[in-house]
Amino acid sequence: MLEVDPSAPDRAAITRAAEALRAGLLMAFPTETVYGLGADALDPEAVGRIFVAKGRPADNPLIVHLPSLAAAEALVGPLPAVGKALAARFWPGPLSLVVPHQGNLPAAVTGGLSTVALRVPAHPVALALLEAVGVPVAAPSANRSGSPSPTTAQHVLTDLAEHVAGVLDGGPCKLGVESTVLDVTGPTPVLLRPGGLGIEELEAVTGGIVLPGPGAEGESLRARSPGTRYRHYAPRARVVLAAPTDVAALAQRWKGQGQRVGTLSPEPASPLGSGAPHWSAGPGAEGYARVLYAALRALDEAGCTLIVAATLPETGLGRAVMDRLRRAADAGAVEGEGR
Ligand code: TXA
Ligand code: MG
């Protein structure tokens, strides 16, 4: 593991990581959202290693990371106007833009689509690495496919130690949920994945955004983002969602049925007493996003068979947190009286 000071990345560590990437190896690095598993996006063999390491379905395309808007346009040509306005406003930041490409990227990066997702991450270590390496870097979240995304270097090692040349350790990720993925190939941007940048902020720039809802139309829009087809972010334990006021009663009920119950809620302590596994999400969506994946991993490690997780309002980061919670819970049903 290469430890780096997140505010003033150590040159030697960045240089070694960049050399590993240029040699076609995989290198994990911190971003403001989650840790990424990087490979030279122009090297099909290196990109292939990502899919092997993660156990990722081959048709799920990758996000290409760049150090600047200028580097993005050097790769794909001028961005569509609305994409360019968003990039100018929010890059570096937790926004991935799906744009047309020029056919010069390996099919494994794009999933064979005519589009590619681009992002300039807002993390000094990520930016230093992207500057140093000088090639676009394809990077999914650095977890085994299907398990919760990594928000610490230790999470990456737990999942992928034998697959990476190294991990740049920049400490825990600030946001804790992945970037917002927005398709800007058409007249109105389409939200493909809620994430670290709230749609309220996006709409202030674009005027409108299409939010794929349930039903056939939403389904066909969602099909543009292959990643959303797969169950994600799931711990081994079963996850049950509950309104905050219902968490205690549900936890008691499941405990009564013989489950080892963990809880994740705004409360400081477990409703099941001090010995019971519990993670506090704190009062707001920001705190919830920051601890979400670490909590799911830790509750698994504590041997929980069932996790009762509190729901939260779907505004700002809350939309992304609820999206990940629903995927972790799979069925998406919220139990209890509260709704
Ligand atoms: O915050 C993040 O976005 C992190 C960090 C490392 O940057 N990366 C990340 O990558 O979350 P990944 O691979 O776990 O998720 C990429 C998502 C998937 O849902 C994928 O289907 C979608 O982006 N995607 C990638 N390229 C696409 C494309 N051309 N069209 C539509 N969706 C695309
Ligand atoms: Mg992922």
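Which residues does Thr33 touch, not counting residues up to four places away in sequence? In this predicted model, Thr33 touches Pro94, Arg119, Thr151, Cys173, Leu175, Gly176, Val177, Glu178 and Ser179 once those residues are set aside, contact meaning heavy atoms within 4.5 Å. Thr33 is placed in the loop between β2 and β3, where helices (H or I, at least four residues) and strands (E, at least two) are DSSP runs numbered from the N terminus. With a relative accessibility of 3%, Thr33 counts as buried; buried denotes under 20% relative accessible area, exposed over 50%, and partly exposed the range in between, with a 1.4 Å probe and protein chains only. The side chains of Thr33 and Thr31 are joined by a polar contact of 2.8 Å, a polar contact being a pair of N or O atoms within 3.5 Å, of which, within protein, one must be able to donate a hydrogen and the other to accept it, while residues adjacent in sequence count only if both atoms are side-chain atoms.

Because the model is predicted, local features need pLDDT of at least 70 and side-chain atom pairs count only at pLDDT 80 or more, whereas totals for chains, interfaces and linings use all residues. Residues are numbered from 1 along each chain as its sequence is written, chains are lettered from A and ligands numbered from 1 in the order in which they are written, and side-chain values use heavy atoms, with hydrogens and water left out.

The buried residues of α3 are Ala72, Glu73, Leu75 and Val76. They lie on the same side of α3, because the arc that they cover around the axis is only 155°, the arc being that of the directions from the helix axis to the C-beta atoms. These buried residues pack against β4, α4, β5 and β6, whereas Ala70 and Ala74, on the other side of α3, are exposed. Just after the helix, Gly77 takes a positive phi of about 85°.

Within strand β4 lies His65, which counts as buried at 4% relative accessibility. Not counting residues up to four places away in sequence, His65 touches Arg119, Pro121, Leu130, Pro136, Val137 and Ala139. A polar atom of the His65 side chain lies 3.2 Å from the backbone oxygen of Ile63.

The largest nonpolar core has 45 residues, and those with the most contacts inside it are Trp91, Leu95, Leu97, Leu118 and Leu182; such a core is a set of buried Ala, Val, Leu, Ile, Met, Phe, Trp, Tyr and Cys residues joined through side-chain atoms within 4.5 Å. At least two residues of this core are supplied by each of β3, α2 (44–54), α3, α4 (81–90), β5, β6, α7 (153–160) and α8 (199–206), and α2 gives the most, with five residues. Leaving aside neighbours within four places in sequence, the contacts of Leu118 include Ile63, Val64, Ala72, Leu75, Trp91 and Leu97. Apart from this core lies another, of 39 residues, among them Ala251, Ala285, Ala320 and Leu325.

In α8, the buried residues are Ile199, Leu202 and Thr206. Seen down the axis of α8, they fall within an arc of 60° and so line one face of the helix. Their cover includes α4, β5, β9 (180–183), β10 and α12 (317–329), and α8 is followed by Gly207, whose phi is positive, near 85°.
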